[in-house]
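Trainee: I would like to go through this model with you, one question at a time.
Mentor: Go ahead; keep in mind that it is a predicted model.

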Amino acid sequence: EELNAIAPEISEAAKKLDEKTGEGNDFLGWVDLPENYDKEEFDRILRASEKIRKSCDVFIAIGIGGSYLGARAAIEFVKGSLSNLTKKDGPAVYFAGNTIDPDALHELLEICRGRDVCINVISKSGSTTEPAIAFRVFREMLEKKYGKEEAAKRIFVTTDKRDVVGKLKHFAIEKGYETFVVPDDIGGRFSVLSAVGLLPIAVAGCDIKKMMEGAAKARIDFASPDVDKNDCYKYAALRNILMRKGYEIELFVSYKPSFQYTNEWLKQLFGESEGKDKKGLFPASVIYSTDLHSLGQYLQDGKRIIFETVIDTKKSQNEVLVPFDEENIDNLNFLANKDFHYVNRQALLGTLDAHVEGGVPNVLLELDAMDEENFGYLVYFFEKACGISGYMNSVNPFDQPGVEVYKKNMFKLLGKPE
């Protein structure tokens, strides 16, 4: 009954997205991106990624927020959270420019010592503090190591197409760096399937063609106006129903550590899109069963302001069996020869039951596997659900005015001239 009651709101919000008539409609390029992406640039990304994979041991993607979260989420989703240690070919992929902490930067510089390095700075303006000063450091390092001419072959810039926002494009052309485009009509948190995310993802060895195919499939699957038959619309409806019942926090849950940065991307996507005009759910995240041993008590018995959105994966990429132990000191031989994926799945089902019985609503989303196609599908699903939810709450889901406040204060304290 509640779904039926909210269905007209969902349809109206979806119509604003599809027809591009809602607030912020100049940032809706992601809606048709899986079909209408720049094929020539896509081919250049593939060629550049192959060149990078052959010429360096370490690849540093320099960006913050939407300029790094989506790419890191995709790489860890597909390749695993320890892929830099386990990969057998291609460079290790690291991320810089997402913090101003000197110790984190020093660690990365130490990792680069004695190894061949390529970098990709990702910034629309080129003047965002965190990536801009990191770019200075790594550019200086490369020019000292290789000389300016050779360093230029190892620096890739993803920025504004026409230098309207900043000077980075002009600087890149002047220095001879290969450039890619931050789309004018796609905001950072929606940009993972553009050059912003695709170059680092391809360098990591992921199949970006499959990723775009997954997003294209989602675009078709979630075009139906029938809320009952459209999982994306149904999810948007459920989270808004729960918010109106007084739930304030949406907790994104996965049972896979390699989903951690997808959770981080989801927090930015929803937090930056919906948190306006004193409205919006607060997005948080956990990895179970790990966090059941720290936050599990609060979830089970704490304040009833949280609902969980659980993303389950039907298949794991690898099989690991629990060994039989003759001494059985842990009394767990009943698990012998069972796959860890099976054990993890039972933990999920048991937790779902416990939390629902305890009064914590759960939305369950199921993926077939942790691969490129499913990542592209997931990205489009959440992006569309986020846009719909924002319009339902009468906010512009595609701006972020509140982010500018800390920057103004920081620049004042740092003594920026203007």
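Mentor: One term comes before the questions. A pocket is an open set of grid points, where a 1.4 Å probe fits, with protein on both sides within 12 Å along at least five of seven lines.

Trainee: How much space lies in the second largest pocket?
Mentor: Its lining is made up of 25 residues, and those closest to its centre include Lys256, Ser258 and Asn318. The space in this second largest pocket is about 630 Å³.

Trainee: Which helix gives the most to the lining of the second largest pocket?
Mentor: The elements that give two or more residues are helix 4 (69–79), helix 5 (83–86) and helix 15 (340–357). With 4 residues, the one that gives the most is helix 4.

Trainee: How many charged residues are in the lining of the second largest pocket?
Mentor: By class, 12 of the lining residues are polar and 9 are nonpolar. The charged residues number 4.

Trainee: How much space lies in the largest pocket?
Mentor: The largest pocket is lined by 45 residues, and Ser123, Ser125, Ser127, Thr128 and Lys407 are the closest to its centre. Its space comes to about 1400 Å³.

Trainee: Which element gives the largest share of the lining of the largest pocket?
Mentor: Strand 3 (117–122), helix 7 (129–146), helix 9 (168–175), helix 13 (260–274) and helix 17 (403–414) each give two or more residues. The largest share is 8 residues, and it comes from helix 7.

Trainee: How many nonpolar residues does the lining of the largest pocket have?
Mentor: Sorted by class, this lining has 11 charged and 15 polar residues. The nonpolar count is 19.

Trainee: In what order do the 4 strands of the open sheet stand?
Mentor: Strands of a sheet pair through backbone hydrogen bonds, either parallel or antiparallel. Here the pairing is parallel, and the order is 7-6-8-9.

Trainee: At what angle does helix 16 run to strand 9?
Mentor: Helix 16 (residues 372–392) lies across strand 6, strand 8 (306–313) and strand 9. To strand 9 it runs at about 145°.

How values were computed:
Residues numbered from 1 in each chain as written. Predicted model: local features only at pLDDT ≥ 70, side-chain atom pairs only at ≥ 80, totals over all residues. Heavy atoms only, no water. Pairing = 2+ DSSP bridges. Contact = heavy atoms within 4.5 Å. Axes fitted to C-alpha atoms, helices over the stretch in contact; angles between N-to-C directions. 1 Å grid on protein atoms, 1.4 Å probe; cavity = no way out; pocket = protein on both sides within 12 Å on 5 of 7 lines; lining within 4 Å. Points joined across faces, edges and corners; volume = space filled by probe spheres on them. Nonpolar A, V, L, I, M, F, W, Y, C, P; charged D, E, K, R; others polar.
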